Amino acid sequence: MLSDLARARAQNLLNGVAQFFFRLGISPNALTLAGFIGVCAIAMVIAAGYEAAGGILLIIAAAFDAVDGTLARTTGRATKFGAFLDSTLDRWAEGVLFIAIILRAGQRGDPLTAVLAAAALLGSLLVSYARARAQSLGADIKDGWFSRFERMLVLIVGLILTAFVGPVALTVAMAILSVFANFTAVQRVFAARRALDS
């Protein structure tokens, strides 16, 4: 999976940043919460019409999102609640971003992008829910083309490209996400069926 490859290549950097936050006395949960608040602020930037700036800021936010888990593991402070909080706020953050895009599309009188963003939001939540529900039944399902990493990558690229080609970049990004996020959810449904019925 693309996210696993990216994480493996960046692991040394993540470890160094995690140690920096550890020396500052910042807990993994505090870092998780700070990252979520940052994403909410970025969503406001996007809703205000600064899509490209929002995309650039999301790159920074994504880096923070990768650090909290590394901080927890490398300092021996990983907890079940910490993992729960991280996953829950990830879903919340993703929802806030899509809502910001829907609001911005409404301001522009662009119902197509708004509908595509709503469909992308639905698919994104179902991808995560399918895995979580399967795990609760004893199956760890990671199948699918568009995990959160791939979804965020497409979203960031779409936002940044609005500076060069206009709102159509975001429409295309939402179209890609609406199709592939929901397709990934379907992939996980079939993967869960194989795992749970075997």
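The model is predicted: local features need pLDDT of at least 70, side-chain atom pairs count only at pLDDT 80 or more, and totals for chains, interfaces and linings use all residues. Residues are numbered from 1 along each chain as its sequence is written, and side-chain values use heavy atoms, without hydrogens and water.

The patch consists of Phe149, Leu153, Val157, Leu161, Phe164, Val165, Val168, Val172 and Ile176. Together these residues have about 780 Å² of accessible area (Shrake-Rupley method, 1.4 Å probe, only the protein chains shown counting as cover for residues). Patch residues have over 30% relative accessible area and no salt bridge, and nonpolar side chains (Val, Leu, Ile, Met, Phe, Trp, Tyr) are joined within 5 Å; like charges are joined within 9 Å. A salt bridge is a side-chain nitrogen of Lys or Arg within 4 Å of a carboxyl oxygen of Asp or Glu. Helix 6 (148–165) and helix 7 (168–197) each supply at least two patch residues. Helices are DSSP runs (H or I, at least four residues), numbered from the N terminus.

Phe164 lies in helix 6. Its relative accessibility is 66%, so Phe164 counts as exposed (exposed is over 50%, buried under 20%, partly exposed in between; 1.4 Å probe, protein chains only). Ile56, in helix 3 (residues 51–74), is partly exposed at 48%.

Thr113, in helix 5 (residues 111–136), is buried at 0% relative accessible area.
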